[in-house]
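Q: Could you walk me through the packing and the helices of this one? I have the sequence and the coordinates open.

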Amino acid sequence: MSHWLLLGRPLGNNFRDTGEGHCLSGTRARELCLIGTRARELCLPGHECRALGIGAGKRACAPADGLRPRTAPQGPTAGRNYTERVRIRLDIAYDGTHFRGWARQPDLRTVQGTVEGALERILGGTASLVVAGRTDAGVHATGQVAHVDLAANQVARLRRSRVGVAGAADRHPGAPTAAPDATVPASAPDPTAATLPPDLTVPASAPDPTAATLPSDLTVPASAPDPGLAAAAARLAARVRGVVGSYSDVAVHHSSVAPEGFDARFSAVWRRYSYRISDTVTGYDPLERHRTTTVRAALDEQAMDAAARSLIGLHDFAAYCKPREMATTIRTLLEFDWRRDAEGVLVANVKADAFCHSMVRALVGACVAVGQGRLDVDDVRDIRDEGLRTSDFTVIAARGLTLTEVGYPSDELLARRAEQTRARRDLE
């Protein structure tokens with residue numbers, strides 16, 4: 001089988017003569033080399049274009065070592081990019097009541113384990129999530145962000161997805177799934193029709209020419225747009241919801257191809273939490289019991305707000321963090337305030353570049369002690385500055401805490417932010 005490169009002629013509206021070509025499955029027992037793709041145009045690995053003297057402007061994609069030409073893999077599973085790896089961003093919400101936290105743990109139900117299990121059922125292989133903020137048992141989220149890196153075979157399965165077809169198979173483990181070598185129905189439009197020379201036709205029985213023949217070491221630049229992949233990634237959120245169930249306590253609201261340099265954890269510039277408390281002023285609402293903590297006292301929200309605001313800034317919050325070996329407790333608290341909502345529920349807004357273990361719940365617990373009159377407004381700042389854990393207040397329950405939002409810089413700054421965050425933080 002030979003590989004032909006046609007040079008010096010227009011090849012349809014989508015291509016132009018660049019002097020380079022990539023091998024494309026053709027007909028009549030040979031490979032036809034056409035011009036133009038998003039990526040760099042090349043012949044098969046180990047081949048070079050040679051003039052064959054068979055007509056003006058024609059060359060052969062022949063083996064450089066004089067051996068027999070190699071044929072590219074055939075069939076729909078032979079994708080245009082055999083080493084393609086893709087990072088997917090997932091925006092996740094969950095009710096943490098019946099989860100043992102975010103992080104995967106053996107024999108325990110966790111958010112990470114549940115979402116990864118759904119992804120593995122859909123895409124095969126192994127899925128490993130990296131998350132913006134690892135929440136404790138009982139903590140909720142409406143704006144959690146994670147990413148997952150897909151291997152080439154998982155990307156191929158993602159691309160083949162169709163709403164209402166693959167989704168149904170995902171949802172029912174016993175349902176038939178599309179075979180790896182399934183072909184496009186005959187009624188589907190010919191994907192090569194717009195790109196072949198006017199005098200060349202491809203029989204309907206021919207293999208998919210656009211999917212079979214790029215060199216194995218060719219990758220598409222991350223910056224190159226790929227509408228097909230973007231659409232398949234967007235459908236992944238619905239497919240996960242189909243696996244976990246309609247009334248699940250976890251949902252993926254949005255899925256997308258992550259920008260270059262994106263890291264869900266290290267690219268984040270801030271996280272925002274809210275904490276809800278009902279006191280004797282508010283009363284008890286049983287419908288809100290899973291996301292609201294009850295305090296049997298009338299709390300002074302103005303004193304709580306003053307105490308919260310006094311803690312804002314770059315500080316060592318060791319007194320408000322559960323210690324972890326080799327983990328810094330230096331954080332920049334960007335916002336911390338209290339208000340009552342329309343129903344009278346006390347709501348804390350807490351925003352920082354990052355939080356150490358149990359930090360938000362400890363800060364809220366200290367403010368509750370102020371609201372009860374057990375601590376003065378200045379005491380919470382003094383406790384912070386002393387840097388020692390104390391029994392003057394109680395770390396409050398997890399149920400009222402929700403991760404609501406994660407902030408990221410513009411796309412061009414994502415990689416730089418990740419590098420900065422990985423560096424150990426020190427007081428300036």
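**Core and helices**

A: Bearing in mind that this is a predicted model, the largest nonpolar core has 82 residues, and those with the most contacts inside it are Leu90, Ile277, Tyr320, Phe336 and Trp338.

Q: Which helix gives this core its largest share?

A: The largest share comes from α6, which contributes 10 residues to this core.

Q: And how many of the residues of α6 are buried?

A: In α6, 13 of its 13 residues are buried, so that the helix is mostly covered.

Q: What about its length, residues 359-371?

A: The 13 residues of α6 should span 18 Å at 1.5 Å a residue, and its end C-alpha atoms are 18 Å apart, which agrees. The helix is followed by Gly373, whose phi is positive, near 85°.

Q: Back to Tyr320: what does it touch?

A: Leaving aside residues up to four places away in sequence, Tyr320 touches a set of residues that includes Met359, Ala362, Leu363 and Ala366, and among the others are His357, Arg384, Arg389 and Phe393.

Q: Switching to α1, which residues are buried there?

A: The buried residues of α1 are Val111, Gln112, Val115, Glu116, Ala118, Leu119, Ile122 and Leu123. Seen down the helix axis they fall within an arc of 155°, so they line one face of α1.

Q: Why would spacing like that put residues on one side?

A: An α-helix has 3.6 residues a turn, so residues three or four places apart point the same way.

Q: What happens at the start of α1, and just after it?

A: At the start, a side-chain oxygen of Thr110 comes to within 3.1 Å of the backbone nitrogen of Gly113, while just after α1 Gly124 has a positive phi of about 75°.

Conventions. Residues are numbered from 1 along each chain as its sequence is written. This is a predicted model: local features need pLDDT of at least 70, side-chain atom pairs count only at pLDDT 80 or more; totals for chains, interfaces and linings use all residues. Side-chain values use heavy atoms; hydrogens and water are left out. Helices (H or I, at least four residues) and strands (E, at least two) are DSSP runs, numbered from the N terminus. The expected span of a helix is 1.5 Å times one less than its number of residues. Buried means under 20% relative accessible area, exposed over 50%, partly exposed in between (1.4 Å probe, protein chains only). A nonpolar core is a set of buried Ala, Val, Leu, Ile, Met, Phe, Trp, Tyr and Cys residues joined through side-chain atoms within 4.5 Å. Contact means heavy atoms within 4.5 Å. The arc is that of the directions from the helix axis to the C-beta atoms. A polar contact is a pair of N or O atoms within 3.5 Å; within protein, one must be able to donate a hydrogen and the other to accept it, and residues adjacent in sequence count only if both atoms are side-chain atoms.
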